[in-house]
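Visitor: I would like a close look at a single part of this model. Please keep the account plain and give the cut-offs as you go.

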Amino acid sequence: MKKHFREWSVAAALGFILVALAVFAPPFYHPQPLLSLVTYEAPTLIVAVGMATIIICRQIDISVGSLFAVCGVCGALLLDRGWPCLAVLPVSMLLGALMGAINGGLVAGLGLPSIVVTLATMVTWAEALRWLRQGVLVNVGHAQWFGFTQGEGQLTIVITALVILLINAVGLRHLAAGRFIYAVGTNAEAARLAGLRPRLITFLMFVRLGTLTGLAAFLAAVQAPTLQPKPDNGLELKAIAAVVVGGVAISGGRGNLWGVFCGVLLLTVVSPISPALVYLGIPSYWGKAIQGAIILLAVVADGWRARKQKF
Amino acid sequence: MSSPTSSPPGWKAARRSHEFILLAVLMAEWVSFYFAGTHHTSHGTFGFGTADAQADILRHTVEIGLLALVMTPIILTGGIDLSVGSVMCFSEIVFGKLWRDAHMPIPIAATGALLTGAAAGGLNALLITWLRLPPLIVTLGTYSIFRGLAEAVTRGADVFAEFPASFTFLGEKSWLGVPVQVYVFVVVAIAVWLLVHRTTWGRSFRAIGYAPEGTRFAGIPVERRLALAYVLAGTVAALAGLIYASRLNQVTAADGTGYELAAITAVVLGGTSIFGGSGTVHGTLLGWVAVAVLSEGLAYANLPRELGGMLTGVLLILALSASILPKVLSNWRARRHTGTSTSQPPPPAST
Amino acid sequence: MKRNLMLLLAAGLALVACSKSDSNAPSGGGDKKPVIAMLPKNKANAYFISCSKGAQDAATALGVDLRFDGPTKTDPSMQTQIVEGWINQGVDAIAVAAEDKASLSTALKKAQSKGIKVLSYDADVLPDARTFFVNQATPEGIANTLVDEAARIMDGKGEFAIITASLVAANQNVWIAKIKERLAKYPNLKLVTDPLPSNDDKDQAQQQAATIMNAHPDLKLIMAICTPGVPGAAEAVKQAGKVGKVHVIGLGLPNENKDYVHAGVTDSVVLWDTGKLGFLTVQVANALVKGTLKAGDKEFKVGDTTYKIDGDNILLGEPTIFNKANIDKYDF
Amino acid sequence: MSAVSAPLLALRGIAKSFAGVRALRGVDFDLQVGEVHALLGENGAGKSTLIKVVTGAHQPDGGSIEILGQKIEYLSPALTRHYGISCMYQQPALFPDLTVAENIGLRLEPSKPLRRVDWAGRRTRAADLLKRIGANISPESEVRSLSMPEQQLVEIACALGSGARIVIMDEPTASLTQKEQHLLFAVVRDLRKSGVGVIYISHRLEEIFQLADRVTVLRDGQSVGTNAVDDINENKLIQLMVGREVSHIYPPGESAPGEVVLELRGVGCKASGVRGVTLQVRAGEILGLAGLVGAGRTELGRVLFGLTPADSGEILLNGKPVAVTSPQDAVNRGIAYVPEDRRRHGVILEMPIAHNMTMAIHQRIFPGTWLRFGAERQLALDYIRDLAVKTYGPEAPGGSLSGGNQQKVSLARWLATKPKLLILDEPTQGVDVGAKSEIHKIVRRLAKDGLAVLMISSDLPEVLGMSDRIGVMRGGELVSILPGHSDAHTVMAAALGQRGPGGSA
């Protein structure tokens with residue numbers, strides 16, 4: 001309990017809001033709008049899972065928003081050509097992996113700072129997408145919800161996201177490979193001396209985030225009959241915020257995916273598009289400010305605890 | 001053993017040459033756009049090569065330039081400020097509110113905006129120095145909260161517009177053929193340059209960037225120095241906001257979105273190390289102009305504007321790898337060199 | 001090494017630009033071919049893509065050089081930036097659809113002072129910043145059609161909400177004013193909230209629609225008065241499982257809404273012929289440049305079609321209502 | 001048991017250079033089964049580099065490595081584990097955010113990525129190992145929360161649990177207290193008994209005579225001799241290390257102490273564990289502070305410099321009570337502190353020497369905060385000449401200097417403040433012999449000029465040779481003040497808490 005204090009406090013805040021909603025605004029729990037909300041944010045969860053491990057590995061990737069848009073548009077274009085979903089999915093993931101590999105290559109291979117590398121690739125991919133597509137909507141049409149009904153499609157997406165979370169959370173905790181990531185994040189030199197290969201692991205983390213982003217982009221693309229190419233979707237900061245709120249230390253080596261899960265849920269519940277605010281009588285335009293306050297609160301709480309521990 | 005009389009290592013020279021190369025890139029951009037984007041007709045000369053076009057390029061990017069200027073000391077200290085775009089926007093909103101809804105005169109409303117910016121910078125500084133938190137996440141938090149507040153205050157929709165001419169001259173008028181805001185920019189640029197390169201404050205920023213603990217051990221008040229950098233950033237962000245509001249004659253809650261990254265791009269392209277310590281203000285200025293000319297010049301040459309962003313990204317990677325490459329190469333060369341030297345018989349070991 | 005790399009890059013850049021300049025020399029050469037620049041609110045918006053097709057047809061027919069450029073999202077500052085670029089390039093005419101009239105008008109006045117002909121289409125700017133406004137439909141016409149259609153679907157009573165482009169969009173604001181006037185005729189129709197801005201973004205419109213349905217469970221209709229708003233709202237209704245309970249109408253392109261209309265999510269969309277709007281805009285711009293059209297004229301002839309001029313508004317004609325019965329007949 | 005003839009490890013002619021500087025110039029070294037082989041040498045002699053070659057952290061430029069007679073073409077940290085080589089580094093190479101059990105697990109388990117982590121197994125193994133070395137550390141605690149000696153114990157546990165045939169220990173006792181040292185020695189003897197070869201690096205000669213079977217001395221990247229411990233004595237070893245017969249001569253002290261500059265009355269600081277220190281330092285006097293690592297000497301220095309302000313007692317400067325709450329305060333009051341960790345705290349390696357030298361006197365040399373490059377350069381040139389800093393000029397970055405010259409820069413920075421009290425924390429740690437004696441002369445000269453000097457040092461001969469009086473600390477307290485001519489035994493006894501003449505424990 002004490003060990004995972006940080007995760008528990010986020011979970012407690014989430015629980016508190018959910019209970020408050022149950023008492024004061026039971027209509028929040030109407031299944032359909034809730035399912036829609038959760039479906040809409042499921043891709044964010046997948047990206048946050050990848051982002052969490054990147055940050056645990058003491059790197060950062062701010063290009064995921066652009067990667068997401070590029071993968072989504074490419075996937076949608078293929079769907080529009082009539083490719084089956086099962087064929088498009090691997091293409092989207094492969095594309096994401098490739099772009100992740102470029103980030104990873106520059107960071108791990110040349111030893112460049114990840115924040116600047118991903119800033120550069122973010123701009124490059126975003127503008128390339130704008131140039132080539134001019135922001136024109138892509139028709140996904142028949143492939144919406146993979147061609148299932150809406151309910152089935154939404155469930156598929158949510159379950160996929162949860163399965164990804166589960167696999168990664170368990171892997172990160174119970175697989176040696178998962179522990180290697182922590183080792184590299186907390187002390188890369190010690191990891192090298194212990195026989196691990198920090199550069200390779202860092203590289204693979206970027207590839208992994210790219211792959212997950214490709215998957216998330218595909219799951220987002222099939223949610224509507226048309227896809228709007230939006231490279232400046234702010235996904236990178238959304239994912240980083242969820243990860244930070246979820247208790248992952250930006251200095252690497254600390255945190256787990258259950259905290260990240262709570263962080264994503266917490267930010268989802270109070271997001272501007274969530275019905276929760278409306279039911280609680282808060283105008284939706286306060287959503288972003290409340291999210292900001294939660295992020296800042298989490299950050300300050302971390303700082304406060306660290307400060308107290310020092311003395 | 002390294003002999004004490006060996007010539008100075010190339011680090012300083014290399015940095016100077018980074019700026020030289022950036023200047024060369026800039027000249028290349030400028031010359032190529034001049035030839036590709038200027039045309040002469042019977043009515044006169046039009047396009048990139050006109051003074052108007054040059055003035056407009058400055059007008060359109062002066063806000064990012066201001067943010068890049070004040071981002072430089074922050075990055076020199078090894079920090080970062082993701083909140084400048086949001087702070088810029090929120091200060092504008094405060095300005096609009098004070099002027100339109102509280103019926104305050106423009107100078108007072110503008111002062112209010114500047115104070116808001118300073119306070120926002122102060123909040124960053126407080127959290128960073130007092131709680132010893134990484135600037136990246138502190139400013140990520142303030143980034144969302146100030147943007148969120150801007151949206152909340154305007155209900156995500158309210159717009160302030162139609163400011164009086166006594167205010168819009170700042171963004172729309174020229175004096176001696178140079179846009180008014182450029183004068184403001186030049187003053188800020190000189191001030192920041194002096195601060196960074198000619199005062200003990202600037203010296204301290206570098207020291208903090210290289211070794212925060214070591215700087216504390218030298219008796220330099222690290223917290224106060226950091227606070228100055230962040231408060232300055234907030235204040236100048238508010239100033240940029242005022243210029244932006246004046247240029248477009250409107251204020252919305254979406255203003256300045258993404259400006260923080262544009263500013264960071266200019267600084268890093270200008271040769272400032274993201275880890276802190278080394279970098280110059282004139283480098284930042286060159287980085288800023290190089291990006292500005294690239295993104296606007298393409299339109300004059302009838303090339304897609306998006307190409308500018310792509311080339312900026314590529315340029316950024318090249319600039320970074322260029323500073324790494326010599327190190328990689330020299331290591332490699334050194335290894336080869338000693339590789340040949342070991343072919344001599346090893347000195348006999350005494351037993 | 002570093003030096004070589006960067007110089008190489010610079011040289012490459014110069015080469016690209018120079019070679020490009022050769023191929024483009026005739027267009028900027030300043031011969032008799034007039035250059036008409038046309039600014040959409042958002043060049044990615046299907047509405048304006050369809051406009052640009054009509055405009056290109058007119059440009060080809062007239063032998064003028066058309067530059068169609070704009071932001072790829074709602075961005076008034078980018079609009080101003082593009083117009084100022086055109087002024088420096090010395091184009092002959094500028095036609096704009098303004099996101100925000102105040103900020104764009106300043107730039108347009110500068111254009112006028114340099115002898116560039118200025119007109120607006122789709123969304124007007126300040127009257128003294130342009131010669132003519134190519135008006136796709138009278139505000140009354142649009143407002144009355146929409147309100148009457150809403151009243152018909154809602155049986156004359158109930159709650160509804162409006163999704164607009166942005167709160168600064170001039171044409172949308174005029175329409176909203178006219179919609180409110182028309183509501184006097186239907187006292188039982190209740191507009192539950194201020195118009196919700198979507199920033200001409202389908203996803204945001206969808207979010208706004210979802211939110212407003214949550215906030216007002218008795219909502220009967222969503223009226224979207226910007227083209228991305230209609231499919232956005234329809235998708236929100238569909239996902240909320242409220243098809244039939246919440247109706248959707250609005251200003252929308254037939255192609256973007258066919259599926260929703262057939263699925264019964266969207267009842268009807270109202271629009272004019274967007275291609276013709278682009279076509280007429282370029283025609284007017286060309287006539288202004290050539291001097292065949294002047295302020296104060298009462299009508300404007302293109303081929304054998306005559307357009308009425310009301311003050312400084314050139315009128316395109318009446319809007320069409322597209323519904324299940326006729327939507328498949330149109331392709332734009 | 002394999003044939004005794006083939007040594008466990010044999011290095012032949014190992015060479016290694018960094019950016020053109022030759023750190024190793026053909027070193028021969030061998031290690032037998034069940035042997036403790038000590039490696040000795042001054043700082044920079046190449047010991048750590050040699051170790052990193054053996055652990056695969058550095059690739060040698062030349063020479064060959066044989067393990068049990070088999071030639072090894074390539075080594076990497078991952079491969080050394082396969083060959084049964086395990087290393088305890090000087091700075092514990094641990095993962096601070098992870099638990100002790102996980103740290104030990106990551107070091108000892110196979111590096112196959114796709115296997116399940118046996119958490120329970122990790123815990124029991126960690127608990128076993130820690131118990132075997134007699135360390136009282138919970139396997140569940142995070143390494144971050146451990147003290148330095150405790151972290152070193154975790155390293156020892158790793159070495160013990162590795163089942164390695166070759167165990168390397170790089171200054172394992174540097175941060176250990178007496179009690180933990182005994183634990184370590186027991187482990188080393190255990191290992192030797194079970195046939196493991198131990199390469200043991202230490203500066204402390206007495207340890208070598210206690211533990212080692214043979215000793216190899218490195219000098220300037222070369223091996224200058226391997227001897228059985230029984231065949232050699234301390235003097236001979238020192239001679240090998242330094243290359244000549246030395247009896248380090250300390251500059252004579254002239255006892256004419258002036259007024260009391262600093263007086264402490266029961267000064268304490270809870271945060272850093274300093275308790276009730278009372279002492280006086282006079283102008284012109286060098287007060288040496290001796291004690292074991294962790295006795296609270298550096299902490300006392302930091303209290304006086306305002307880094308961790310005192311929360312009890314009284315500090316008097318020139319007879320007036322003062323509160324020193326920040327380093328700025330200290331500088332303004334004429335207190336200077338030359339810190340222990342030169343590379344992190346003393347000199348900013350990337351900055352020019354001139355900038356480093358003026359860092360503490362910004363207010364004085366740059367009135368109105370404007371930089372005056374001329375004055376700065378002049379000041380730097382003056383100090384470069386005065387202190388005989390070997391460099392090509394004031395614009396050379398601090399990192400381009402040798403350790404001793406860096407220390408002089410650090411000293412110059414503080415002399416420039418014209419302090420009344422100079423606190424030196426390990427002034428000659430990691431400094432070569434020549435520079436060391438120069439620094440000693442400078443310090444003596446400063447004292448002669450009327451400066452009050454408080455010198456913290458773990459180098460006992462230095463404390464004895466330099467000090468006018470010697471303060472001994474233990475457990476955060478000042479336990480005794482001895483006269484300058486005390487002998488080593490008395491000081492050590494006081495530091496260890498044994499009752500000795502003059503000791504008041």
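Into which domains is chain C divided?

Guide: Chain C is divided into domain 1 (31-136 + 274-316) and domain 2 (139-271), with bounds that come from an automatic or database domain assignment. This is a predicted model, in which local features need pLDDT of at least 70, side-chain atom pairs count only at pLDDT 80 or more, and totals for chains, interfaces and linings use all residues. Residues are numbered from 1 along each chain as its sequence is written, while chains are lettered from A and ligands numbered from 1 in the order in which they are written.

The C-alpha centres of domain 1 and domain 2 of chain C are 28 Å apart. Where the two domains touch, domain 1 of chain C supplies 16 residues and domain 2 of chain C supplies 13 residues; two residues are in contact if their C-beta atoms, placed from the backbone, lie within 7 Å. On the domain 1 side, helix H2 (residues 46-62) of chain C gives the most, three residues. Helices are DSSP runs (H or I, at least four residues), numbered from the N terminus. By class, that side of domain 1 of chain C has four nonpolar, five polar and seven charged residues. Here Ala, Val, Leu, Ile, Met, Phe, Trp, Tyr, Cys and Pro count as nonpolar, Asp, Glu, Lys and Arg as charged, and the others, Gly among them, as polar.

Chain C also meets chain A, in a contact that takes 20 residues from chain C and 17 residues from chain A. On the chain A side, the largest share is three residues from H2(A). That side of chain A has eight nonpolar, eight polar and one charged residues.

Conventions:
Helices (H or I, at least four residues) and strands (E, at least two) are DSSP runs, numbered from the N terminus.
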